[in-house]
Amino acid sequence: MTKPTIFVTRRWPAAAEEALAAHFNVTFNQDDRPLTKDELAEGFATHDIAAPTVSDVIDGDVVRAGGEGRCRMIANYGVGVNHIDLAAAETQGITVSNTPGVLTDATADLTLTLMLMLCRRAGEGERELRAGEWSGWRPTHLVGRQMTGKTLGIIGMGRIGRAVAHRAHFGFGMEIVFQNRSPVDEGAGVGGRQLAGVAEVCAASDFVSLHCAATPETRHILGREALAAMSPSAYVINTARGDVVDEDALVAALESGAIGGAGLDVFQGEPKVNPAIMTAPNTVLLPHLGSATEEARVAMGMKVVDNARAFAMNEALPDKVG
Ligand code: DGY
C-alpha cells in the first residue's frame, strides 16, 4: 500500500521527524524558512495531509487550495489553532487535529519563569551584569518583590491554567483566583476562587496570567477596563496568544505606572513585536518559547504522527479539533 503524503511546514526535532517518515511520504521544509502563502497553498494542494505550526497563516485561501487539491487533513503541530481558518476547513471537509496535553508542563514552567523574572528583576540584573555595569552588592540594589504568598489570577482554567495554578499554589504558597467561561469544580484542586469576570480577577491579583484559547470571544479579553482594575504593583503574564491582550492598552498601563510590569512570550502579529512594547518599562520579553523543551517538542511531533496515522487508517482521532 502506498504511504499517504504529508507536507510539514517547519523542521521538527529529529526523533519526531524519523517517526513521521516511518509512516508517511514526507515533504520536509529542509531549510526551515517561513513559507510564503503561495508555497503553503501549493503544499496543501499536493499532499494528503498538511502539518503546519503556529507560525503559518492557514487562511481560507490556503485551506481552499488544499480542499480543491488533495488535502483531507490538517494535523497541526501545536495545541492552539487560531492560525487556521477552521470554518473553511469544515466547508472543505478537511479534518483538523492538534497536540493538547504534551506541552502543558513546558508552558506552565515558562509561565513561572516569567513571573519570577519579573518580580525578581532578573532580566534587568542580567543586562546590567553583561553590560559591565555591576558595581557590587548593596542593600538597595535591584530590589524586587517576593512571589511566595502572593495572589495569582488566572484567565482560563484549562490544562495549562491548572498546571500554573498547581505550581504557584503548592510551590510558592500563592492564593489562586480565576475566571473561566464555564464553572470549575472544587477550586480547580488548588483552593481557587472562581470570580465573576476578568476585571474582578485583575482587582484581586498580584499577578494576572492568561491561559485562554485565542478565539473571537477572547480577543483583547485583557483590555483597558481590566488593566485599570489592577494594582500599580501587579504584573501581567501572557504565554497564551498575543491577541488575548490589548497591546496598546497594555503599553499605556506600563508607561503610566498603572501596573507593575508584564512578562510576555507571545505577541500580536509575531514575530514582529510592536515597537512600543519593546521600549515599555518593566517588561520581560521572550520569543514564543512556551513549548520549547526537547520533551514537549518531540511529544508534539509524536501526537501529529498518532493523529495522522489514525486518520489514514480511518480510525477515531485522539485529538480532533471541533
Ligand atoms: C501551541 O502549541 O499552540 C504553542 O503556542 C506552540 O508552542
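This is a predicted model: local features need pLDDT of at least 70, side-chain atom pairs count only at pLDDT 80 or more; totals for chains, interfaces and linings use all residues.
The side of domain 1 that touches domain 2 comprises four nonpolar and three polar residues, with no charged residues. Between domain 1 and domain 2 the count of salt bridges is zero. Two residue pairs are in polar contact across this interface, both at pLDDT 80 or more.

## Domain arrangement

The protein chain is divided into two parts: domain 1 covers 5-102 + 294-312, and domain 2 covers 104-285. Seven residues from domain 1 and five residues from domain 2 take part in the contact. The C-alpha centres of domain 1 and domain 2 are 31 Å apart.

## Overall fold and dimensions

The protein chain contains twelve helices and twelve strands. Its radius of gyration is 21 Å, close to the 20 Å that the globule rule gives for 322 residues, so the protein chain is as compact as a globular protein of that length. Taken along the principal axes, the C-alpha atoms of the protein chain fill a box of roughly 70 × 50 × 35 Å.

Technical notes: Residues are numbered from 1 along each chain as its sequence is written. Side-chain values use heavy atoms; hydrogens and water are left out. Domain bounds come from an automatic or database domain assignment. Contact means heavy atoms within 4.5 Å. A salt bridge is a side-chain nitrogen of Lys or Arg within 4 Å of a carboxyl oxygen of Asp or Glu. A polar contact is a pair of N or O atoms within 3.5 Å; within protein, one must be able to donate a hydrogen and the other to accept it, and residues adjacent in sequence count only if both atoms are side-chain atoms. Ala, Val, Leu, Ile, Met, Phe, Trp, Tyr, Cys and Pro count as nonpolar, Asp, Glu, Lys and Arg as charged, and the others, Gly among them, as polar. Helices (H or I, at least four residues) and strands (E, at least two) are DSSP runs, numbered from the N terminus. The radius of gyration is taken over C-alpha atoms; the globule rule is 2.2 Å times the number of residues to the power 0.38.
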